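Here are my notes on the model, as numbered points. Please read them with the coordinates open.

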Amino acid sequence: MISSITSFNYKTTTQTPSNSPNFSFHGNIVQYCYMPRKKMPLSLFASLKAPSFFTITRAGNTKSSGKGALELLEPFLSFFSTSMFNFINPPLHPSIDPNHVLTANFAPVDSELPPTGCLVVEGELPQSLNGTYIRNGPNPPRHSHGPHHLFEGDGMLHAIKLSDGQATFCSRYVKTYKYDLENNHGFPIFPNILSGFYSVVDLSRCAFAMCRVLKGQIDPKKGFGLANTSVSLFANNLFALGESDLPYAIRLTENGDIETIGKHDLDGKAFINITAHPKIDPETGEAFAFLCSPIPPYVTFFCIDKKGSKQEDVPIFSMMNPTFVHDFSVTKQYIVFSESQLEINPLRLLMCQGMPVMAELDKVPRIGVLRRYSSTGTGIKWFEAAGFNAMHVINAWEEEDDEEIILVAPNAISIENLFHNIEKVQFSLDKVRINLRNGSVTRTTLSEKNLEMGSINPSYMGKKNRHAYMGIGDMIPKNEWGCEN
């Protein structure tokens, strides 16, 4: 058992190539700094690379051959997918303008970094401190030509492996179907959905993607998720997750590298997507998850046993509106869902009205409580919780008399700004008491600090606990030199 840990600083030991980003490590073990280079303007036709027609090779000779009417669309699809959209993009709100969003310390990391040794320059790493810290987050591999929200971007994993007093840093993209497809083509193929559609230009991007589906270049059954939200260990696998797709299994190698194994459909029992925040019971080894959909049932709950076998779906038909549900909580006896004022409306995309997620401020938020092992969703009980909009949940548990459930979560006070003006969002940390016997709901503010993105000791999941580890969102910094903690 380690009684004390000496603080230290570290930096990379390898020389950075001239065409790679500058990395400087200085701080504690879970901190790194990225200093992006200033990007030079692209040439007008730098990205105009139309893929060739279908080719047939005979005895060393190659000739082009058409492949029907859809094949003739290929040069046009390539042209409009790259250079042409640079000239016809309408003005964008700063919250979705890539020239604003992807700058300063939010600028993407330009490339992956293979396992790189870190030199300890102050103090030392305890020999007994062994393991890997790994984080996930959006990192678009190329500049977007259309609307781009901060939450979009392909998932990139950053890992620091500690072993025998040494530290090794590595960053790798999650090799999703979307990432591989766009990486092979050299330009974005899938339109950004979360940032929304605002003009016929955005609809055209979607139409071109549909043409590629008809050409067989895109297989929609393989998904278009980003795997950019979280990392979770369950079903005997380590997963990178994003709620628009199924999880991607990843592996940490002995030398500190990160490999993508592939998409995991839970033995063919998961078909579309699952939440990016599954809950793992430390005592039973079970994982609890759900999927959120814009069509009924809007939420479907399910359990995955410790062997990785997915149990039957439990659809929740009593959620009457297409609510954007991002997280939930699990107690020893119950599943707890928060139905916020955020709703999903795909028609907004077709009507070029912006993001598909909007706040319905006339709606009264609710909290749903369902027995943990219910086989149907008909037994869920709903409790009105006016003014309570929780995107993430810290923890929940039952009180000793089993008549009350305690829920602790950050409450988005100005929920209408969550996606559209994130710098204006204010959170309070709230403790909600739900009386299952008389139906009353009371809410207490534990902290008025702008706290979010919290976590707890996972061994206390579903149990009464006291401590949480959270980020403070006093402001969204934009600095010339970025630093991420």
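1. The structure holds zero disulfides (a disulfide being a pair of cysteine sulfur atoms within 2.5 Å). C206 is partly exposed, with a relative accessible area of 26%. C303 is buried, at 9%. The cut-offs are under 20% relative accessible area for buried, over 50% for exposed, and in between for partly exposed, with a 1.4 Å probe and protein chains only.

2. A word on provenance. This is a predicted model, where local features need pLDDT of at least 70, side-chain atom pairs count only at pLDDT 80 or more, and totals for chains, interfaces and linings use all residues. Residues are numbered from 1 along each chain as its sequence is written, and side-chain values use heavy atoms, with hydrogens and water left out.

3. Overall make-up. The chain has seven helices and 30 strands. These are DSSP runs numbered from the N terminus: H or I of at least four residues for helices, E of at least two for strands. Of the 485 residues, 48% count as buried. Among contacts (heavy atoms within 4.5 Å) with a separation of 6 or more, 59% join residues 24 or more positions apart. The chain exposes about 24,500 Å², and carbon and sulfur atoms supply 55% of that area. Areas come from the Shrake-Rupley method with a 1.4 Å probe; for residues, only the protein chains shown count as cover.

4. The largest nonpolar core has 34 residues. Such a core is a set of buried Ala, Val, Leu, Ile, Met, Phe, Trp, Tyr and Cys residues joined through side-chain atoms within 4.5 Å. F328, F337, L342, L418 and F419 have the most contacts inside it. Elements giving it two or more residues include strand 15 (287–292), strand 16 (299–304) and strand 19 (334–339). Leaving out residues up to four places away in sequence, L418 touches L342, M391, V425 and F427.

5. A second, separate core has 17 residues, including V174, Y177, L181 and I258. In helix 5 (residues 177–185), Y177, K178, Y179, L181 and E182 are the buried residues. They pack against strand 9 (166–173) and strand 12 (248–252). Just after helix 5, G186 takes a positive phi of about 90 degrees.

6. Finally, the surface. L347, L350 and M351 form a nonpolar patch with about 340 Å² of accessible area together. L347 lies in helix 7 (residues 347–350). Patch residues have over 30% relative accessible area and no salt bridge (a Lys or Arg side-chain nitrogen within 4 Å of an Asp or Glu carboxyl oxygen). Nonpolar side chains (Val, Leu, Ile, Met, Phe, Trp, Tyr) are joined within 5 Å, like charges within 9 Å.
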